[in-house]
Amino acid sequence: MANQKILDEKQTIIDEISSKIKESSSVVWFDYRGLTVGETVELRRKLKESDSDYKVYKNTLVKRALDSLKIDINYELEGPKALAFGKDAIAPIKILSDFSKTNESLVLKIGIIDGEVTNIDVLKQLATIPSREGLLTQVASGLLGVVRDFAICLDLHSKNLEGGE
């Protein structure tokens with residue numbers, strides 16, 4: 001009876017991992033050993049601000065969850081790793097990457113972005129992309145520039161018409 005209870009608890013965790021992976025736009029594995037309690041609290045706070053979070057699971061349970069989802073990450077799950085889950089595909093990668101610049105203990109390893117397994121090189125490239133808000137700001141300023149130029153053009157044209165009469 002006790003064994004069945006343990007198996008049920010493990011299956012609940014496997015289901016939780018599977019569900020989080022399916023619901024997340026990005027999942028990032030990273031080494032966290034060496035981070036202080038204060039640093040982990042700061043990291044968790046920064047991730048929460050972007051509607052992301054991280055959790056540490058046993059590697060065997062993560063492997064079982066990945067197997068149930070038919071995801072092969074060709075990566076040895078050895079040693080303690082944390083998984084960051086994000087609804088935004090880029091935000092947790094940027095936060096982890098920025099955090100790793102000042103905290104050498106945090107090392108990005110591998111990720112799943114929109115269902116596709118990605119290596120560290122892809123994660124590094126994605127970390128350089130501006131945030132969603134930054135991209136929207138760039139688009140808005142580009143559109144404002146076009147509208148401004150169009151308004152100037154119309155103004156010059158109307159002045160030209162007035163001068164021609």
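A crossing of two helices is left-handed if the near helix is turned anticlockwise from the far one by less than a right angle, and right-handed if clockwise. The legends below concern a predicted model, in which local features need pLDDT of at least 70, side-chain atom pairs count only at pLDDT 80 or more, and totals for chains, interfaces and linings use all residues. Residues are numbered from 1 along each chain as its sequence is written, and side-chain values use heavy atoms, with hydrogens and water left out.

**View 1. The open sheet has five strands in the order E2-E3-E1-E4-E5.** Helices (H or I, at least four residues) and strands (E, at least two) are DSSP runs, numbered from the N terminus. Two strands pair if DSSP finds at least two bridges between them, and the pairing in this sheet is antiparallel. Strand E2 (52–56) and strand E5 (116–118) stand at the edges with a single partner strand each, so one side of each has no neighbour in the sheet. From one strand to the next, the twist averages 20°.

**View 2. Strands E1 (residues 26–31) and E4 (residues 107–113) run antiparallel.** Six bridges join E1 to E4. Trp29 has Ile110 in E4 as its bridge partner.

**View 3. Helices H2 (residues 37–49) and H4 (residues 91–102) pack on the sheet.** H2 touches E1 and E2, where contact means heavy atoms within 4.5 Å. The direction of H2 makes about 140° with that of E2. Axes are lines fitted to C-alpha atoms, for helices over the stretch in contact, and angles run from 0 to 180 degrees between N-to-C directions. H4 touches E1, E2, strand E3 (82–86) and E4, and its direction makes about 20° with that of E1.

**View 4. H2 passes H4 in a right-handed crossing.** The axes of H2 and H4 come within 10 Å and cross at roughly 150°. The two helices are therefore roughly antiparallel to each other; angles under 35 degrees count as roughly parallel, over 145 as roughly antiparallel, 65 to 115 as roughly perpendicular and the rest as oblique. Glu39, Glu42, Leu43, Lys46 and Leu47 of H2 meet Pro92, Ile95, Leu96 and Phe99 of H4.

**View 5. H4 and helix H5 (residues 120–127) cross at roughly 95°.** Their axes come within 8 Å, and H4 and H5 are therefore roughly perpendicular to each other. Ile93, Lys94 and Ser97 of H4 make the contact with Leu123, Leu126 and Ala127 of H5.
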